[in-house]
Amino acid sequence: MSTKINFSIKNISRVPISKKMIFELADMLLIAINKNSINANIIFTDDAELRKLNAKFRDKDQFTDILTFPFDASMNFPNHSNLIDSHNGDIYIAINRTLNQSKEKNISHSLELKHLILHGILHLFKYDHVGEDDELLNIEESILGNNIH
């Protein structure tokens with residue numbers, strides 16, 4: 001299967017992962033979930049920005065590592081794309097929080113970022129956490145290994 005991946009990536013210079021790696025990771029994931037394309041924005045930002053977005057759009061005034069906003073014309077979510085008709089959504093990742101989480105898990109910062117990028121893409125495709133047998137987590141682990149959780 002041939003995949004079509006279109007990402008707009010903001011603040012990539014602030015993280016230890018390349019655009020090439022993000023595209024390769026997305027390609028592996030699309031093949032694994034039998035999808036052929038994605039068009040999304042990935043925004044690497046600070047903890048404070050994610051907390052503001054979490055409070056505004058989810059009514060949760062707390063820090064988080066990632067927020068995913070699947071595009072839906074009826075929703076009032078932030079959207080940075082000019083390609084609305086084919087846009088899956090936006091993924092926001094908090095850089096400092098991911099660095100701290102990688103230290104807590106004793107894994108590299110780049111592995112934690114890869115995990116969250118996969119996580120965000122899966123949420124854009126409507127995967128969610130359901131019970132003990134969490135398909136979302138199983139897919140992430142099938143690509144990155146089981147040391148990410």
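Q: How many bridges join S3 to strand S4, and which way do they run?
A: Strands of a sheet pair through backbone hydrogen bonds, either parallel or antiparallel. Here five bridges join S3 to S4 (residues 89-94), and the two run antiparallel. Strands pair if DSSP finds at least two bridges between them; a strand is a DSSP run of E of at least two residues, a helix one of H or I of at least four, numbered from the N terminus. Leu-67 stands opposite Tyr-92 in S4. This is a predicted model: local features need pLDDT of at least 70, side-chain atom pairs count only at pLDDT 80 or more, and totals for chains, interfaces and linings use all residues. Residues are numbered from 1 along each chain as its sequence is written, and side-chain values use heavy atoms, with hydrogens and water left out.

Q: In what order do the four strands form the open sheet?
A: The order is S1-S2-S4-S3, with mixed pairing. S1 (4-10) and S3 (66-70) stand at the edges; each has a single partner strand, so one side of each lacks a neighbour in the sheet.

Q: Why does Leu-118 count as buried?
A: Buried means under 20% relative accessible area, exposed over 50%, partly exposed in between (1.4 Å probe, protein chains only). Leu-118 counts as buried because its relative accessibility is 0%. Leu-118 lies in helix H4 (residues 109-124). The C-alpha atoms of Leu-118 and Leu-25 are separated by 7.4 Å, though the residues are 93 apart along the chain.

Q: Where is Asp-47 found?
A: Asp-47 is in helix H2 (residues 47-58). The backbone nitrogen of Arg-97 lies 3.1 Å from a polar atom of the Asp-47 side chain.

How values were computed:
A polar contact is a pair of N or O atoms within 3.5 Å; within protein, one must be able to donate a hydrogen and the other to accept it, and residues adjacent in sequence count only if both atoms are side-chain atoms.
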